[in-house]
Each structure stands twice: as structure tokens, then as C-alpha cells.
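Biologist: I have a structure open and want to learn how to read it. Can you take me through its features one at a time?
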Amino acid sequence: MTSMSVISEVSTQEWGVWRAFHMMRRQLDRALETQLQRDAGISAPDYEVLLALFEADDNQLRSRQLGELIGWEKSRISHQVSRMESRGLVERRECSDDLRGVWVGLTTDGRRAVLGAMRKHAAKIRQLFLDVLTEEEKKVLLSASERVLDAIGAPVCDDVSRRAS
């Protein structure tokens, strides 16, 4: 298949939609990352891990569950958790009922970090994203996001739908 035939499968208008979405997402991610670093001293990956643990029962998850929840590979979880553990944000504990399993838990410093980040992070999300969309646009975006996640077969699709409801 030539590159011209691949390009012709997507219209000029569709490429415009894709590029605008892609650029918006990258710039939004960058702005939110900057805000987290500035206001809370943590990275976006730190925040993802801390938030998942904060929302989990007993503020802990198995490494495998954590990876599935945030959509990361095992090695990425391992490296991220190691960095965060060295900074005292999380701790690893052996799983008593499965010697191969490891629990990742939120420490007091990790809890403090995520709580400190949440308010300003939510305010930035509101300012840059939620407040610029109408209620109808939010509904359409939610529906479109769920359909795309379904098409991908992402393991977090059900979790996203439950949280949005």
C-alpha cells in the first residue's frame, strides 16, 4: 500500500479534525504537567499513580492492577514506582496471599502530595477545558470518548464510564 492510498483513506477535513484534537490534547497535557510541577512539585505520571492509589480501597493496589488502571506496561509501572518510592511518596509491600504479588501503597507524604495537588489541578482542568465547553459539547465529547475507548478495547473503558455517570 502506498502512502498516497493511506492518505486518501482520510479526508482533508478528517485530517484537520485529527490534527486539532491531537494538538489540543498535547498542549493541554503540557499545561497541566507544568501546573502540577509548579504548584505541587510532582509530575503528571506521579499524579496518575498517586490519584489511583488515593481512590483505591485502603489506598493500595497490586502493581498489576495499578498498571491496568492507568494503562501502563509492567516495566513503566515498576520504574515509576521505584522513583516515587525513593522520594517517599509510595511504598511496596509483599502480598501475603501471593508471594509473586506486590502491593503499592500511598504513604503519608504521598497522600499529602496528591491532596495538595488536587485543588489547583482541578481548577486548571476547569479553566482550560471544562469552562470552554458547553454542556452539550461535554456530552458529545463524553460519548465520543467512550466510543473511541470501546473501539480500542481499552481495559479502563468500564472504569471511565462508571466515573462519568
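Biologist: Is Trp-103 buried, partly exposed or exposed?

Modeller: This is a predicted model, so every value here is computed from predicted coordinates. Buried means under 20% relative accessible area, and exposed means over 50%. Trp-103 has 24% relative accessibility, so it counts as partly exposed. The residue sits in strand β3.

Biologist: Which residues does Trp-103 contact, leaving aside its neighbours within four places in sequence?

Modeller: Two groups of numbers turn up. Gln-60, Leu-61, Arg-62 and Gln-65 are among the contacts of Trp-103. Glu-91, Arg-92, Arg-93, Glu-94 and Cys-95 are also in contact with Trp-103. Take Arg-62: its C-alpha is 4.3 Å from that of Trp-103, yet the two are 41 residues apart in sequence.

Biologist: What about Gln-60, buried or exposed?

Modeller: Gln-60 has 18% relative accessibility, so it counts as buried. It lies in strand β1, residues 60-62. Beyond four places in sequence, Gln-60 touches Leu-53, Arg-93, Trp-103, Val-104 and Gly-105.

Biologist: How exposed are Asp-58 and Asn-59?

Modeller: Asp-58 is exposed, at 68% relative accessible area. Asn-59 is partly exposed, at 22%.

Biologist: Let's go inside. How do I read a nonpolar core?

Modeller: In soluble globular proteins, nonpolar side chains tend to be buried together. Here the largest nonpolar core has 23 residues. Val-49, Leu-50, Leu-66 and Val-90 have the most contacts inside it. At least two residues of this core come from each of α3 (44-55), α4 (63-70), α5 (74-86), β3 (98-106) and α6 (108-128). Helix α3 gives the most, with six residues.

Biologist: What does Leu-66 contact, beyond its neighbours within four places in sequence?

Modeller: Leu-66 is in contact with Val-49, Ala-52, Leu-61, Ile-77, Val-81 and Val-104.

Biologist: Which residues of α5 are buried?

Modeller: Start with a rule. An α-helix has 3.6 residues a turn, so residues three or four places apart point the same way. In α5, the buried residues are Ile-77, Gln-80, Val-81 and Met-84. Seen down the axis of α5, they fall within an arc of 100 degrees, so they line one face of the helix.

Biologist: How far does α5 reach from its first C-alpha to its last?

Modeller: It has 13 residues and reaches 18 Å, close to the 18 Å expected at 1.5 Å a residue. Just after α5, Gly-88 takes a positive phi of about 80 degrees.

Biologist: Next, charges. How many salt bridges does a search of the whole structure find?

Modeller: Side chains of opposite charge can pair when their charged atoms come close. The search finds nine salt bridges. One of them joins Arg-87 and Asp-46, with the closest N and O atoms 2.8 Å apart. This pair links distant parts of the chain, 41 residues apart. Arg-87 is in the loop between α5 and β2 (90-95), while Asp-46 is in helix α3.

Biologist: Are Arg-87 and Asp-46 buried, partly exposed or exposed?

Modeller: Arg-87 is partly exposed, with a relative accessible area of 40%. Asp-46 is buried, at 3%.

Biologist: Where do Arg-64 and Glu-68 lie?

Modeller: Both lie in helix α4, four residues apart, about one turn of the helix. Glu-68 is partly exposed, at 42% relative accessibility. Another salt bridge joins the side chains of Arg-126 and Asp-131, at 3.0 Å from N to O.

Biologist: Step back now. How many helices and strands does the protein chain have?

Modeller: Eight helices and three strands. Along the sequence they follow the pattern α-α-α-β-α-α-β-β-α-α-α. Buried residues make up 26% of the 165 residues in the chain. Of the contacts with a separation of 6 or more, 53% are between residues 24 or more positions apart.

Methods
Residues are numbered from 1 along each chain as its sequence is written. This is a predicted model: local features need pLDDT of at least 70, side-chain atom pairs count only at pLDDT 80 or more; totals for chains, interfaces and linings use all residues. Side-chain values use heavy atoms; hydrogens and water are left out. A nonpolar core is a set of buried Ala, Val, Leu, Ile, Met, Phe, Trp, Tyr and Cys residues joined through side-chain atoms within 4.5 Å. Buried means under 20% relative accessible area, exposed over 50%, partly exposed in between (1.4 Å probe, protein chains only). Contact means heavy atoms within 4.5 Å. The expected span of a helix is 1.5 Å times one less than its number of residues. The arc is that of the directions from the helix axis to the C-beta atoms. A salt bridge is a side-chain nitrogen of Lys or Arg within 4 Å of a carboxyl oxygen of Asp or Glu.
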